[in-house]
Amino acid sequence: MLHLRLISPGDRTGEVLAVLQECSGVTNVVVLPGAARAPKGDLVQADVARESANEVIGQLAWLREEGSIAAEQIDLAFSKVAEEAIEEAPGDPDDAVIWEQLAHRLHADSRITWAYLAFLAIATQLAGIGVLQNSIILIVGAMVLGPEFGAIAAICFGLLHRGWGLVVNAFRALVVGFALAIAVTYACALVSYWLGWIGPGNLAVNEEVQFIVKPDRWSFIVAMLAGVAGVLSVTGGKSSALIGVFISVTTVPAAGYVAVALALGEWAEVAGSVAQLALNVAGMLLAGTATLAVQRRFWPQVGRGSSV
């Protein structure tokens, strides 16, 4: 369930309570008249089943301008009325998509931050070392560490809702992030080459990681499956499933391979890695957008105040 904290102008609190009463899956309603100070108004609290959240938030979207809406996940609730509210709401909680919550999360994931750039650069360097050392363990570690799926999911969401601003921002985050990560890894690999630590021979004995530079039909199928699973994990809050998605695709390893191959002057290897990177991103975008479209078909109650 979600816990809603609403601040309403005193003369419109009756409208808020009417919505909470009419919508299924709402319980534990509390009203504190005049308790709010900034903004001023009445404080209304309620617990809402995930399946009903879109309907409630949509009907109370006017509070965005005249008051306030805050929502947080309830991890544990011992309450018979809460159980009854969940049963009353249509569908299953794990299948519900809270569109406002998803939009907020993806907007955050599409921003270029120092943390995002640092994680992607470190992941790409780990992948580059894994390529040079022919180490699957390092490759998998780089996959898990890479933060790029948030931006990919944001593009899918923006395409579905025609939020071109979000699409542009997320695409910029991908391009800038991978460009910086490849540049940093290239510089490190170039220094290692000058020091004599590595050479073209390192790429000649990396049979274990050849899947990164040899994209085929299976690469695209895996990317599409990862796109579906990734979107489902993001919309359902299944972080453990999202880690599995990271491990299944080779975006970060491909970027690491590109950087190392550039430093060593292995242009054929560069072409294969770039193709793998593009294939994975394209497959995840296609499958992710299609998955969101299916989810919107079954959970169509997008709040009128939804910001894309």
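Trainee: Where do arginine 105 and aspartate 109 lie?

Mentor: Both lie in helix 5. They are four residues apart, about one turn of the helix. A helix here is a DSSP run of H or I with at least four residues, a strand is a run of E with at least two, and both are numbered from the N terminus.

Trainee: What should I know about the model before going on?

Mentor: This is a predicted model: local features need pLDDT of at least 70, side-chain atom pairs count only at pLDDT 80 or more, and totals for chains, interfaces and linings use all residues. Residues are numbered from 1 along each chain as its sequence is written, and side-chain values use heavy atoms, with hydrogens and water left out.

Trainee: How do the side chains of arginine 105 and aspartate 109 meet?

Mentor: They meet in a salt bridge, 3.9 Å from N to O. The rule: a side-chain nitrogen of Lys or Arg lies within 4 Å of a carboxyl oxygen of Asp or Glu.

Trainee: How many salt bridges does the structure hold?

Mentor: Four. One of them pairs arginine 12 with glutamate 66, the closest N and O atoms being 2.8 Å apart. Arginine 12 sits in the loop between strand 1 (2-8) and helix 1 (13-22), and glutamate 66 in helix 3 (residues 63-66), so this bridge ties together parts that are 54 residues apart in sequence. Glutamate 66 is partly exposed, at 39%.

Trainee: Which residue does arginine 64 meet in a salt bridge?

Mentor: Glutamate 100, at 3.2 Å from N to O. Arginine 64 is in helix 3 and glutamate 100 in helix 5, so look up the cut-offs again: the pair links distant parts of the chain, 36 residues apart. Arginine 64 is partly exposed because its value is 44%. Glutamate 100 is buried because its value is 15%.

Trainee: How many aromatic pairs does a search of the whole structure find?

Mentor: One. Tryptophan 99 and phenylalanine 157 form it, with 6.2 Å centre to centre and 35 degrees between the planes, which counts as tilted. Tryptophan 99 is in helix 5 (residues 99-109) and phenylalanine 157 in helix 8 (residues 149-161), so the pair ties together parts 58 residues apart in sequence. Rings of Phe, Tyr and Trp (its six-membered ring) pair if their centres lie within 6.5 Å; planes under 30 degrees apart are stacked, over 60 edge-to-face, and the rest tilted. Both tryptophan 99 and phenylalanine 157 are buried.

Trainee: How far apart are leucine 166 and leucine 106?

Mentor: In sequence they are 60 residues apart. In space they are 8.5 Å apart, C-alpha to C-alpha. Leucine 166 is in helix 9 (residues 164-194). Its accessibility is 1%, so leucine 166 counts as buried.

Trainee: Which peptide bond is cis?

Mentor: The one from alanine 38 to proline 39, with omega near 0 degrees. Proline 39 is in the loop between strand 2 (26-37) and strand 3 (40-48).

Trainee: How many helices and strands are in the chain?

Mentor: There are 14 helices and four strands. The C-alpha trace spans about 75 × 35 × 35 Å along its principal axes. Of the 308 residues, 49% are buried.

Notes: Buried < 20%, exposed > 50% of the residue type's maximum accessible area, 1.4 Å probe, protein only.
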